[in-house]
Amino acid sequence: MIHILKKSIKKIALKFGYDFIPFNQYEESLSQVNYNWLKRKNVKTIIDVGACDGDFIRKFRPVFPNAMIYSFEPNPESFQKLNERLAHDKNFKSFNLALSNKKDEIDFFISSNAGSSSMLAMEELHKENFPNSKNIIPIKVKSSKLDEVLSTELLHSPVFIKLDVQGAEKLVLEGAVKTLRLVDIIYCEINFQELYQGSVLANELIDLLKNYNFNLAGIENMHQSLIDGSYLHGDAIFIKGK
């Protein structure tokens, strides 16, 4: 009887353009405490690599309200938006640069979805799964090593680094050997399939970071293919071992 009543109520609601979304008690409870464990780390420095227009920083600023932020973004349009959005943040410094393993002028591929832009050419697999990102405009940008750019900056510990560079994580890390000695937490996009030409995949990245004494602590924001359900990418958190 209750089941029939529920169906009747839903049918009436749909008739008037409404629907019922099941309440997820777990997700609601998690939202109240999520990242509290990171807050307790009392991070003093954030290195934001692949800042785009600042969405990540705006999300994590409440978690680390007093941290000094160093943001890197090579796309000129995204860089301008980033600075506009964080213009009133007194603990913020930005660099219109790509970070890599060398100081040079390199090709950078701007996607029609700005967040999918990369130093690496986009594979067809990415275009098929994310068609809003498939239009690409290559430009020339300056690149440098993170170690060189931050060589004159005093990085207060604990240090948190975020990497969102669309498969080019290995190149960035190769230019950040000295900086990694100071880093305590890494928040990094992790790829399970080759979405960009020559991109580093999950197992290789995990092994690479183990060499610097970082251990995988968790993965969130998993993305699966709407074509076949396979796993594409997510965001991983690595913590430096004792």
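## Briefing: aromatic cluster, salt bridges and buried sites

Tyr35, Phe56, Phe60, Phe64, Phe160 and Tyr187 form one aromatic cluster. The model is predicted: local features need pLDDT of at least 70, side-chain atom pairs count only at pLDDT 80 or more, and totals for chains, interfaces and linings use all residues. Residues are numbered from 1 along each chain as its sequence is written, and side-chain values use heavy atoms, with hydrogens and water left out. Helices (H or I, at least four residues) and strands (E, at least two) are DSSP runs, numbered from the N terminus. Buried means under 20% relative accessible area, exposed over 50%, and partly exposed in between (1.4 Å probe, protein chains only).

**Aromatic pairs**

- The structure holds ten aromatic pairs. Rings of Phe, Tyr and Trp (its six-membered ring) pair if their centres lie within 6.5 Å; planes under 30 degrees apart count as stacked, over 60 as edge-to-face and the rest as tilted.
- Phenylalanine 56 and phenylalanine 60 are a stacked pair, because their ring centres are 4.4 Å apart and their planes lie at 20°.
- Both residues sit in helix H4, four residues apart, and are separated by about one helical turn.
- Phenylalanine 56 is buried at 12% relative accessible area. Phenylalanine 60 is buried at 1%.
- Phenylalanine 72 and phenylalanine 95 also stack, at 4.7 Å centre to centre with 10° between the planes.
- Phenylalanine 72 belongs to strand E2 (residues 68-72) and phenylalanine 95 to strand E3 (residues 92-95), so this pair ties together parts 23 residues apart in sequence.
- Phenylalanine 72 is buried, with 1% relative accessibility. Phenylalanine 95 is buried too, at 15%.

**Salt bridges**

- The whole structure contains ten salt bridges. Each is a side-chain nitrogen of Lys or Arg within 4 Å of a carboxyl oxygen of Asp or Glu.
- Arginine 85 and aspartate 53 form one of them, at 3.2 Å from N to O.
- Arginine 85 lies in helix H5 (residues 76-85) and aspartate 53 in the loop between strand E1 (45-49) and helix H4 (55-60), so the bridge ties together parts 32 residues apart in sequence.
- Arginine 85 also bridges to aspartate 55, at 2.8 Å from N to O. This pair links helix H5 with helix H4, across 30 residues.
- Arginine 85 is partly exposed, at 31% relative accessible area. Aspartate 55 is partly exposed at 47%.
- Lysine 140 and aspartate 107 meet in another salt bridge, at 2.9 Å from N to O.
- Lysine 140 is in strand E6 (residues 136-144) and aspartate 107 in strand E5 (residues 104-111), so the bridge spans 33 residues of sequence.
- Lysine 140 is exposed at 53% relative accessibility, whereas aspartate 107 is partly exposed at 37%.

**Helix H10**

- Ala202, Leu205, Ile206, Leu208 and Leu209 are buried in helix H10 (residues 202-210).
- These residues cover an arc of only 160° around the axis, so they share one side of H10. The arc is that of the directions from the helix axis to the C-beta atoms.
- Exposed residues Asn203 and Lys210 are on the face turned away from the buried side of H10.
- Cover for the buried residues of H10 includes helix H8 (169-174) and strands E8 (183-191), E9 (214-224) and E10 (231-240). Contact here means heavy atoms within 4.5 Å.

**Lysine 162**

- Lysine 162 lies in strand E7 (residues 159-163). This lysine is buried, at 3% relative accessible area.
- Beyond its neighbours within four places in sequence, lysine 162 is in contact with Ile47, Asp48, Val49, Gly50, Ala51, Phe56 and Tyr187.
- Isoleucine 237 is 75 residues from lysine 162 in sequence, and 9.2 Å away in space, C-alpha to C-alpha.

**Serine 225**

- Serine 225 is in the loop between E9 and E10. The residue is buried, with 5% relative accessibility.
- Its side chain reaches the backbone nitrogen of isoleucine 227 at 3.0 Å.
- Not counting residues up to four places away in sequence, serine 225 touches Asn129, Ser230 and Leu232.

Terms used. A polar contact is a pair of N or O atoms within 3.5 Å; within protein, one must be able to donate a hydrogen and the other to accept it, and residues adjacent in sequence count only if both atoms are side-chain atoms.
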